[in-house]
Amino acid sequence: MGNVRSPYTCLVDVDFALSPGLHDYVVSTLARLKGHLPSKKTVFVIPAFEIDGFDSADKMPHTKDNLLNLVDRGHARQIHVEKASAAHGATNYAKWATATKPYEIKYE
């Protein structure tokens, strides 16, 4: 991270597919939060999910509500909840599901 020359960086696992509209959402959120962040070294956690039958972008949920509907129906879940929960432990999925704006978390 010491060699990053841009004001923001997004680290994504190579096998992750990003939600349509994520870029626009992140840009608008950063603009809204500018000057209100707790520190210059702020990390934003983007929750990751496994989606059954996902094999193309047209099957990707386009909204949080669409995603939560898949979760409720058992077709999507927190990623690696069984295999590597510690890797995604900073994400409070229950809180995220009901949140309407960014919130602070504790990283351990």
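User: Before we count anything, what counts as a salt bridge here?

Analyst: A side-chain nitrogen of Lys or Arg within 4 Å of a carboxyl oxygen of Asp or Glu. Keep in mind that this is a predicted model.

User: OK, how many salt bridges does that rule give?

Analyst: The count comes to 1. Arg77 and Asp52 pair through their side chains, at 2.9 Å from N to O.

User: Where do Arg77 and Asp52 lie?

Analyst: Arg77 is in strand E2, while Asp52 is in the loop between E1 and H2, so the bridge ties together parts 25 residues apart in sequence.

User: Is Arg77 buried, exposed or partly exposed? And what about Asp52?

Analyst: Arg77 is partly exposed, at 29% relative accessible area. Asp52 is also partly exposed, with 39%.

User: Switching topic: which residues make up the largest nonpolar core?

Analyst: There are 9 residues in it: Ala48, Phe49, Leu67, Leu68, Leu70, Ala76, Ile79, Tyr93 and Trp96.

User: Which H2 residues are buried?

Analyst: Leu67, Leu68 and Leu70. Looking down the H2 axis, the buried residues fall within an arc of 155°, so they line one face of the helix. The face turned away from that side carries the exposed Asp65 and Asp72.

User: What do the buried residues of H2 pack against?

Analyst: Strand E1 (49-51), strand E2 (76-78) and H3. Take Leu67: beyond its neighbours within four places in sequence, Leu67 contacts Phe49, Ile51, Pro61, Ala76 and Trp96.

How values were computed
Residues are numbered from 1 along each chain as its sequence is written. This is a predicted model: local features need pLDDT of at least 70, side-chain atom pairs count only at pLDDT 80 or more; totals for chains, interfaces and linings use all residues. Side-chain values use heavy atoms; hydrogens and water are left out. A nonpolar core is a set of buried Ala, Val, Leu, Ile, Met, Phe, Trp, Tyr and Cys residues joined through side-chain atoms within 4.5 Å. Buried means under 20% relative accessible area, exposed over 50%, partly exposed in between (1.4 Å probe, protein chains only). Contact means heavy atoms within 4.5 Å. Helices (H or I, at least four residues) and strands (E, at least two) are DSSP runs, numbered from the N terminus. The arc is that of the directions from the helix axis to the C-beta atoms.
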